[in-house]
Amino acid sequence: MQVYRVQFKEAGKRYFFQNSHHLPLNYDDYVVVETIRGLELGKVKGPIEIEEDASLEIKDILRIATKEDLERYNRFKEEATLIVLKVKEEVSKLKLDMKVLEAEYTLDRSKLIIYFESETRVDFRELVKVLAELYHIRIELRQVGSRDGAKVFGGVGPCGMVVCCKSFLTEFDTITVKMAKNQNLALNPVKISGNCGKLLCCISYENDNYLAYRKDCPKMGDVVKTIEGLAKVIQLDPLNKTIRVRYLDNLDKIVNLKIEDVTFEKSLDVEEFN
C-alpha cells in the first residue's frame, strides 16, 4: 500500500492518503484528495511505510493538482479573506462572544468552513442562517482552541523568533508545569506562557534530555555525603551536573559542588521533583 503524508496548511497537521492510482508523486507536489469535507488541495510531504490492513480506511489521492485546481484554490483563498471581514460584521450585529479567525472553501466549493475561537459555547444557529442566505452554500462553523487561534495570527515569541506554531509545528504536544519545574524555569506565567496564553510549546523540546540528566542527580532536599560531611541539596543544575548544598552541621556554610564529588541514593522516579 502506497501511503503519503499530505498537508493542507503551512505548518499544519499532516494526514495519510493512499496512492492507489500509482501517481508519480514528489515532495511538495500539490494534489487533490478526497476528505470527509469534500475535495481539498494539499501538499505531499513524503511517503510512509504501512502494512496492509483491511480494517484501515485510508482515502485516496485523486490526482496531481492541475493549473486550474491551483487557480481555483488561490481565487477561493482571496474570497475567504473578504468573507472573514463579513462574518466579523455579522457576529458583531448578533453580539456573539466569538473571535472569527479564518475561512476556507473546499476545492469543489461544496462547503464553506469558518473557524472561530471562544471561551464558552456559542449558539451560532442564527449566524449560520444569515451566512447561508448570503453565500448560498453549506456553512460549517468550527470552534478551535486558543493555541489554534495563535497559530493563525502568528507573532513573535519571547525568544525573538516567529512563534513555533506558525513556522514549523504541525501538531501540539501536551505541556505541563512539571516540565518547566524539571528545567528549573521560573514559574512566572508571563515568562513561560506563549501568545495563546498557554504554556510555551518549546518547554517540551528538551524535557527528555533533562529527565535523562536528572537520573544521575540527587533531588532537591536530598541529603548527600561529601568529603566534609552531610549536606542538603538546595539548588540543582542538571545541565552542568552541579548542585548547591548547605551543610547540616553548619547551616551558614553553602557551597557549589560537582555531582560526581558527592554520594547519594539514586531515585527510580526521576519525574518526581520539587
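Phenylalanine 8 is buried, at a relative accessible area of 18%, because the cut-off for buried is under 20%. This is a predicted model, and a whole-structure search turns up 6 aromatic pairs in it.

**Ring pairs**
- Phenylalanine 8 pairs with tyrosine 15: the ring centres are 5.8 Å apart and the planes sit at 45 degrees, so this pair is tilted.
- Tyrosine 15 has 37% relative accessibility, so it counts as partly exposed.
- Phe8 and Tyr15 also belong to a cluster with Phe17, held together by ring pairs.
- Over at phenylalanine 116 and phenylalanine 124, the centres are 5.7 Å apart with the planes at 75 degrees, so that pair is edge-to-face.
- Phenylalanine 116 is buried, with a relative accessible area of 0%, while phenylalanine 124 comes in at 23% and is partly exposed.

**Lysines over rings**
- Lysine 9 puts its charged end over the ring of tyrosine 115, 4.3 Å from the ring centre.
- Lysine 253 has its charged end over the ring of tyrosine 247, and here the distance to the centre is 4.7 Å.

**Surface patch**
- Val223, Leu230 and Leu248 make up a nonpolar patch on the surface, and together they have about 250 Å² of accessible area.
- Leucine 230, one of the patch residues, is found in strand 10, which covers residues 229-237.
- The relative accessible area of leucine 230 is 41%, so it is partly exposed.

Terms used:
Residues are numbered from 1 along each chain as its sequence is written. This is a predicted model: local features need pLDDT of at least 70, side-chain atom pairs count only at pLDDT 80 or more; totals for chains, interfaces and linings use all residues. Side-chain values use heavy atoms; hydrogens and water are left out. Patches are made of residues with over 30% relative accessible area and no salt bridge: like charges are joined within 9 Å, nonpolar side chains (Val, Leu, Ile, Met, Phe, Trp, Tyr) within 5 Å. Accessible areas come from the Shrake-Rupley method with a 1.4 Å probe; for residues, only the protein chains shown count as cover. A salt bridge is a side-chain nitrogen of Lys or Arg within 4 Å of a carboxyl oxygen of Asp or Glu. Helices (H or I, at least four residues) and strands (E, at least two) are DSSP runs, numbered from the N terminus. Buried means under 20% relative accessible area, exposed over 50%, partly exposed in between (1.4 Å probe, protein chains only). Rings of Phe, Tyr and Trp (its six-membered ring) pair if their centres lie within 6.5 Å; planes under 30 degrees apart count as stacked, over 60 as edge-to-face and the rest as tilted. A charge sits over a ring if NZ of Lys or CZ of Arg is within 6 Å of the ring centre and within 35 degrees of the ring normal.
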